[in-house]
Amino acid sequence: MYLFDYTITTLDEWAAIFQNAEAFTPLVRYILGRHGLPQAAIEHTTPGSHAVFRAGDSLVKIFAPDSFGWDCESDFVTEVVTMRRTNRLGISVPELIAHGRIDDRYHVRYLIQQFVQGTEFGKTELSADEKVNVGKQLRGICDKMNVPCERFNDYDFLEDALACPKWESFPESFRRERTEFLRNRSHGGAVYVHGDIHADNAIFGNDGKVWILDFADSVLAPVEYEYAALFPGLFRMETPYFDGFFGTWKPESVADRLTYGLCLHKFGTEIVTEMAGDVSGLDSIAALKRLLIQVIERSRRTSSQ
């Protein structure tokens, strides 16, 4: 008798079950007991790539099995190593309580972390002053996080960016210029970046703090890689967040840094497409920068009304 007794041979089968609290309850209860943690009602949380359930004051994350060809070992190791690191730095991230592996029907990787009381940014309505405060907090978090550290996975920010097939949907002229742009640029030293700070990966805590979640996409890369997800994601390109994060800033300067970060980022195509809608007109790096300036200026006009 398995703790998790369901057949997972395809991504669709995983997608159909990974939010099902009832299906995962025996496994979650076993994991809690294994680490001497109190039992509680099992509740599913906001969907992600993996199965995540709340049990009282704990959050149990169960990584997808390898049975359908999705190798999650790197995600698991990256998340464990980087959560330990951020816990040591004193950043407002959940405490990593425990982690491990279980041989059940499938080889199961899991971690247990503190459950943070609060509201996901995607479900909050903040005033302009609150957004400025959030921007200031994120600047403090990034200044602590985005510093050099030992390598924790095999991601090579430049080679992986150049090899990324997702840009095939963009005009050929843009793809060609992007390649030259990245090859000829002086990238400087890589630092630790979370890499995926968006509205569902951050909590506005009941304590007034910003809490960062989900470290599986962390990499070593230039700091602009962090901005590529943070600015369009959690900040939604809104002026008050930029005011808090930068203090004094200019749209052209922010657009420059964001253009670079988006060209590097593993999710860059998705982020740009969400902003642009139709990418067929983005035929150059300059066109991407113009789009970003337009978005920033539009937000400035809206916030001043």
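Biologist: Why are α7 and α9 called roughly perpendicular to each other?

Modeller: In this predicted model, α7 and helix α9 (residues 251-264) pack at an angle of about 90°, with their axes 7 Å apart. Angles of 65 to 115 degrees count as roughly perpendicular, and α7 and α9 are therefore described in that way.

Biologist: Which residues make the contact of α7 with α9?

Modeller: Val223, Glu224, Tyr225, Tyr227 and Ala228 of α7 meet Arg257, Leu258, Tyr260, Gly261, Leu262 and Leu264 of α9. By class, eight are nonpolar, one is polar and two are charged.

Biologist: How do you know that the span of helix α4 agrees with its number of residues?

Modeller: Helix α4 has 18 residues, 128-145, which at 1.5 Å a residue should span 26 Å. Its end C-alpha atoms are 25 Å apart, and the two values therefore agree.

Biologist: What puts the buried residues of α4 on the same side?

Modeller: The buried residues are Lys131, Val134, Gly135, Leu138, Ile141, Cys142 and Met145. They cover an arc of only 130° around the axis, which means that they lie on the same side of α4. The face turned away from that side carries the exposed residues Asp129 and Lys136. Among the elements against which the buried residues pack are α3 (73-89) and α7 (223-230).

Biologist: Why does phenylalanine 267 count as partly exposed?

Modeller: Its relative accessibility is 23%. Buried requires under 20% and exposed over 50%, so phenylalanine 267 counts as partly exposed. Phenylalanine 267 is found in the loop between α9 and α10 (268-276). Leaving aside neighbours within four places in sequence, phenylalanine 267 is in contact with Lys166, Asp196 and Asp217.

Notes: Residues numbered from 1 in each chain as written. Predicted model: local features only at pLDDT ≥ 70, side-chain atom pairs only at ≥ 80, totals over all residues. Heavy atoms only, no water. Helix = DSSP H or I, 4+ residues; strand = E, 2+ residues; numbered from the N terminus. Expected span 1.5 Å × (residues − 1). Buried < 20%, exposed > 50% of the residue type's maximum accessible area, 1.4 Å probe, protein only. Arc of directions from axis to C-beta. Contact = heavy atoms within 4.5 Å. Axes fitted to C-alpha atoms, helices over the stretch in contact; angles between N-to-C directions. Parallel < 35°, antiparallel > 145°, perpendicular 65-115°, else oblique. Nonpolar A, V, L, I, M, F, W, Y, C, P; charged D, E, K, R; others polar.
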